[in-house]
Amino acid sequence: MAVAMRLASSAFEIREKAKMARIEIAVKGLFATPVAAVEMPGATTLNAELEHIILRRRQETPSVQASNAGGWHSDRDILTWGGKPMAAVIDVAKGVATQMTADRSGRPVRPVWTVQAWANVNAAGNGNICHYHPGAYWSGVYYVADGGCAADPSLGGEFEMLDPRGPGPGMYAPALKFAGEDGASVGSAETIRPRPGLLILFPSWLFHQVRPYRGTGLRISIAFNFGVGNSGVGNSGDAGAVEA
Ligand SMILES: [Fe+2]
């Protein structure tokens with residue numbers, strides 16, 4: 001009897017100690033989605049020039065209809081009419097894309113990026129419906145003017161990215177998320193508030209949209225697709241692709 005009591009007491013102590021112990025858990029954030037944000041050097045000067053070029057083009061040519069819900073969407077040849085400031089933006093973006101790309105062994109590569117780029121001008125009520133950019137590797141946006149979005153969140157106009165893992169556990173327990181920084185968007189979405197000079201780069205397959213702008217100014221952005229050219233590091237590509 002005394003032996004049985006001692007054993008029971010010992011098992012109890014072990015369970016209590018286990019409860020008290022801090023359990024070390026190795027967690028790996030698998031399948032993360034890289035989204036880069038860069039402040040463009042010399043943005044103030046570049047943006048003044050780009051705004052002038054884009055608004056002049058807007059007066060001269062009708063809008064293309066793509067993902068834009070209202071607003072003006074230029075043709076996709078902005079590199080032919082955007083001049084040196086546009087080339088400067090794309091050069092920086094190419095550098096970011098190259099830094100964010102590696103071969104399957106993780107070694108640096110220098111792809112020859114093919115480029116398509118266009119401008120978007122959103123006035124009050126304009127946005128972009130949910131879409132992705134087929135036929136490209138990286139896509140990105142550069143903000144020329146934010147229409148006051150950065151200073152006043154009530155003006156909307158956010159760039160919104162949808163969790164590529166779908167609704168995830170949010171559809172079962174929407175009050176929960178995976179613990180840790182990487183789990184924040186489970187079952188939800190992440191937003192980036194535009195501000196002049198901000199360049200973002202994301203995988204072309206990432207679903208995204210632009211929330212309606214509710215200010216009285218103009219929200220001006222440049223969007224672009226980078227495809228992998230005939231550089232020996234992937235499939236040879238053409239001039240990229242259009243956004244869906
Ligand atoms: Fe897009």
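Two strands pair if DSSP finds at least two bridges between them. Helices (H or I, at least four residues) and strands (E, at least two) are DSSP runs, numbered from the N terminus. The model is predicted: local features need pLDDT of at least 70, side-chain atom pairs count only at pLDDT 80 or more, and totals for chains, interfaces and linings use all residues. Residues are numbered from 1 along each chain as its sequence is written.

The predictor's confidence in each residue is its pLDDT, from 0 to 100. The protein chain has a mean pLDDT of 86. Of its residues, 88% reach 70 or more. Over residues 235-242, pLDDT stays under 50.

Strand 4 spans residues 113-122. Ten of its ten residues are buried, so strand 4 is largely enclosed by the rest of the structure. Buried means that 20 or more other C-beta atoms lie within 10 Å of a residue's own; exposed means 12 or fewer, and partly exposed lies in between, with C-beta atoms placed from the backbone. Trp113, Val115, Ala117, Ala119 and Val121 point one way from strand 4. Thr114, Gln116, Trp118, Asn120 and Asn122 point the other way.

Strand 4 runs antiparallel to strand 11 (residues 219-228), and ten bridges join them. Trp113 has Val228 as its bridge partner in strand 11. Two bridges join strand 4 to strand 3 (residues 72-73), also antiparallel. Here His73 stands opposite Asn120.

Arg110 lies in the loop between helix 4 (83-99) and strand 4. Arg110 counts as exposed because it has 11 C-beta neighbours inside 10 Å. Gly95 is 15 residues from Arg110 in sequence, and their C-alpha atoms are 9.3 Å apart in space.

Methods:
Two residues are in contact if their C-beta atoms, placed from the backbone, lie within 7 Å.
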